[in-house]
Amino acid sequence: MWRFCASVLRSSVRDLRDVRVLPSLCRHVSSTSPGSVEPALTVSTQHDGIRTITLNNPRKRNALSLAMLESLRRDLLGGGSQSDLRVIIIDAEGPVFSAGHDLNELSPKHSRDMHTDVFDACTRVMKLVQDLPVPVIAKVRGLATAAGCQLVASCDIVVASDTAQFATPGVKVGLFCSTPAVALGRAVPRKVAMEMLFTGQPISAQDALLHGLVSKVVPETQLDEETRTLAEKICTTSRTVTAIGKACFYSQITKSRDEAYREAGEVMVENLQTPDGQEGITAFLEKRKPTWTHE
């Protein structure tokens with residue numbers, strides 16, 4: 001099992017390295033061509049190991065168009081220093097976190113191949129969020145619907161304002177939210193997911209917290225501070241150990257109890273062989289703070 005986790009980590013790191021960015025680049029405009037006056041669809045900044053990616057198309061309710069998905073993918077993989085990256089926050093500009101797919105791209109005027117491209121691109125981004133070696137936090141204010149709700153459900157941690165709402169309303173326009181259901185059904189109880197999918201009605205932030213779609217609900221005025229505090233706590237841990245744990249979690253969660261324990265036990269033994277695993281135990285026994293190498 002450790003070989004599986006190691007391969008996930010190597011693949012994620014390779015993907016990160018494959019994105020060609022200037023070392024000093026801290027603002028990544030992946031969807032705007034040179035000379036374009038259009039604002040970037042996503043804006044990425046990175047400070048102190050925390051990368052914040054902001055969905056930046058409020059005029060279109062931050063719809064996850066093909067261009068937006070590609071911009072988000074690039075920012076997840078690049079847009080700042082990779083060596084000190086510890087956590088990613090996905091934020092959004094405007095009153096809507098994301099309204100999901102751009103329905104213009106799903107209209108009958110476009111071909112079946114185009115429709116396939118849209119859903120394939122979305123799937124790649126959702127899988128990438130969970131395959132990355134660092135935690136990804138969604139910071140949600142306002143409404144997250146359809147593929148926007150899917151993005152929230154795919155993130156490792158979700159901090160939501162008390163005014164946020166979540167919905168999968170595709171059934172109302174004749175397009176059942178089948179791909180959002182993949183992430184949603186793994187985040188909330190089946191009966192809750194089915195009610196959301198069959199009715200299209202939104203649920204409140206408090207209900208989302210109750211059912212496990214979000215991790216924490218805070219007043220809107222405290223959303224930035226609470227999310228930042230959470231990210232800073234993650235930054236105090238070993239990147240290597242966090243990456244091992246994240247990969248193992250998503251691998252074991254779909255397995256039977258016995259298989260999951262077997263896998264997790266093997267990973268913990270391998271975790272102890274890493275420099276940071278050894279340093280953490282030694283520091284605890286010596287009653288001092290660990291000094292992580294992140295190797």
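I will take the helices first, then the serine, then the cysteines.

This is a predicted model. Start with helix α2, residues 66-77, and helix α3, residues 112-131: their axes come within 10 Å and cross at roughly 25 degrees. Angles under 35 degrees count as roughly parallel, so α2 is roughly parallel to α3. The crossing of the two helices is left-handed. On the α2 side, the contacts come from Leu66, Leu69, Leu72, Arg73, Leu76 and Leu77. On the α3 side, they meet Met114, Asp117, Val118, Ala121, Cys122, Val125, Leu128 and Val129.

Next, Ser98. Where does Ser98 sit? Ser98 belongs to strand β4, which covers residues 96-98. Is Ser98 buried or exposed? Its relative accessibility is 0%, so Ser98 counts as buried. A polar atom of the Ser98 side chain lies 3.2 Å from the backbone nitrogen of Gly100. Leaving aside residues up to four places away in sequence, Ser98 touches Leu55, Arg61, Asn62, Ala63 and Leu64, and also Leu143, Ala144, Thr145 and Gly148.

Last, the cysteines. How many disulfides does a search of the whole structure find? The search finds zero. Take Cys149: the nearest cysteine sulfur belongs to Cys177 and is 8.3 Å away. A disulfide needs the two sulfur atoms within 2.5 Å, so Cys149 is in no disulfide. Cys149 has 1% relative accessibility and counts as buried. Cys122, one of the α3 residues in the helix contact, is also buried, with a relative accessible area of 2%.

Note on methods: Residues numbered from 1 in each chain as written. Predicted model: local features only at pLDDT ≥ 70, side-chain atom pairs only at ≥ 80, totals over all residues. Heavy atoms only, no water. Buried < 20%, exposed > 50% of the residue type's maximum accessible area, 1.4 Å probe, protein only. Helix = DSSP H or I, 4+ residues; strand = E, 2+ residues; numbered from the N terminus. Polar contact = N/O pair within 3.5 Å; in protein donor to acceptor, adjacent residues only side chain to side chain. Contact = heavy atoms within 4.5 Å. Axes fitted to C-alpha atoms, helices over the stretch in contact; angles between N-to-C directions. Parallel < 35°, antiparallel > 145°, perpendicular 65-115°, else oblique. Left-handed = near helix turned anticlockwise from the far one by under 90°.
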